[in-house]
Amino acid sequence: MRARAVAGGRRWIPALALGVACGAQAAPGSDPIAWLQRAAEAARSSSYAGTFAHSNGDRTSTVRITHVNVNGEEHERIEPLDGPPLEIVRKNDEMFCYFPDAKTVRLDRRVTPRFFPAILSPTPSAVAASYDVKLGQTERVLGYDCQWIRLDPKDGLRYAQRLCSEVNSGLVIRAKTFNDKNQMIELYTFTDLKVGREVARSDVRSIFEARVKRWITDAQPREEAKSVDTGWAVTNPPAGFNKVPVSQIIYSDGLASLSVFVEPNAPPRTGDASSEDGTTTFFVHPMGEHLVSVLGEVPLATAQQVGRSVARRP
């Protein structure tokens with residue numbers, strides 16, 4: 001998942017179903033910010049269930065997601081369909097991560113918005129401060145009429161984004177990320193979907209919970225998520241990236257996010273190191289007795305700027 005609470009979150013739904021011809025919410029005309037706001041709200045206020053595919057660099061995965069909104073509260077069940085069994089059951093920002101093989105349930109918190117299709121900040125004005133927002137073409141995607149929203153960075157410190165917003169509901173059914181060479185480096189796309197009354201409240205309950213008689217509860221992550229002063233600060237964060245208040249240093253511009261880790265530099269390491277894979281960038285910067293690592297959904301230049309500007313807070 002993208003830190004995405006590993007850094008983020010970041011970051012991962014189509015249309016509002018069969019009664020769209022009558023009684024559907026009106027589309028917001030030609031205002032791109034209004035489309036952005038509608039897409040952000042739809043991912044949180046709508047009920048939907050489906051399967052989406054995610055590709056990032058050489059990695060591809062498939063995830064089943066069910067989301068309902070009950071009296072303003074979000075309930076969600078996420079099940080990766082590749083690799084060892086894992087299930088996330090979420091109520092608002094509180095997450096219960098079930099690992100049936102280890103008979104362990106871990107309590108955690110979501111600290112960035114980077115879960116598809118809720119990849120946008122609830123305040124699109126923050127996104128618009130760092131990206132030029134424009135409307136693209138309208139086309140048929142997965143059987144739905146879809147309006148493309150173009151997000152082009154105002155600087156070279158983040159990636160371009162393309163979001164496919166279903167015309168009647170506003171839900172994002174496909175999302176693409178492009179590098180500075182206009183090459184697509186990440187894709188989220190739904191492959192099946194049901195929306196609205198077709199989704200039952202019971203569909204978000206854990207399917208693993210009843211299969212294990214005794215779960216081991218790991219509550220430590222919840223304690224670690226409390227806001228604490230790390231004593232470190234990034235002195236030169238890119239414009240638009242604001243600190244998220246948790247013990248791990250996380251920055252987000254409302255769409256992309258990055259995490260900063262500071263640890264002892266032992267055995268001593270000299271020289272920077274970096275790697276890029278799809279949208280995921282990793283940068284390591286030795287700093288005397290400490291080692292700074294930056295992980296995020298940003299270009300390498302952004303990770304370098306952040307890593308080299310970490311300093312002890314006066």
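Arg64, Arg77, Glu79 and Glu87 are linked in a network of salt bridges (a salt bridge being a side-chain nitrogen of Lys or Arg within 4 Å of a carboxyl oxygen of Asp or Glu). Keep in mind that this is a predicted model, where local features need pLDDT of at least 70 and side-chain atom pairs count only at pLDDT 80 or more, while totals for chains, interfaces and linings use all residues. Residues are numbered from 1 along each chain as its sequence is written, and side-chain values use heavy atoms, with hydrogens and water left out. Searching the whole structure turns up 14 salt bridges.

**Inside the network**
- Glu79 pairs up with Arg77 in a salt bridge, with 2.8 Å between the closest N and O atoms.
- Glu79 counts as buried, at 11% relative accessibility (buried means under 20% relative accessible area, exposed over 50%, and partly exposed in between, using a 1.4 Å probe and protein chains only).

**Other salt bridges**
- Asp145 and Arg140 bring their side chains together in a salt bridge, at 3.6 Å from N to O.
- Asp145 comes out as partly exposed at 40% relative accessibility, and Arg140 as exposed at 56%.
- Arg308 makes a salt bridge with Asp272, and here the closest N and O atoms are 2.9 Å apart.
- Arg308 lies in the loop between helix H4 (300-307) and strand S22 (310-312), and Asp272 in the loop between strand S18 (257-264) and strand S19 (273-277), so this pair ties together parts that are 36 residues apart in sequence (helices, H or I with at least four residues, and strands, E with at least two, are DSSP runs numbered from the N terminus).
- Both ends count as partly exposed: Arg308 has 48% relative accessibility and Asp272 has 37%.

- The peptide bond running from Ala266 to Pro267 is cis, with omega near -5°.
- Pro267 sits in the loop between S18 and S19.
- Leu142 has a positive phi, near 55°, in a residue other than glycine.
- You'll find Leu142 in the loop between strand S9 (131-141) and strand S10 (144-153), where it is partly exposed at 34% relative accessibility.
- Asn182 is another residue other than glycine with a positive phi, near 60°.
- Look for Asn182 in the loop between strand S12 (172-178) and strand S13 (184-195); its relative accessible area of 58% makes Asn182 exposed.
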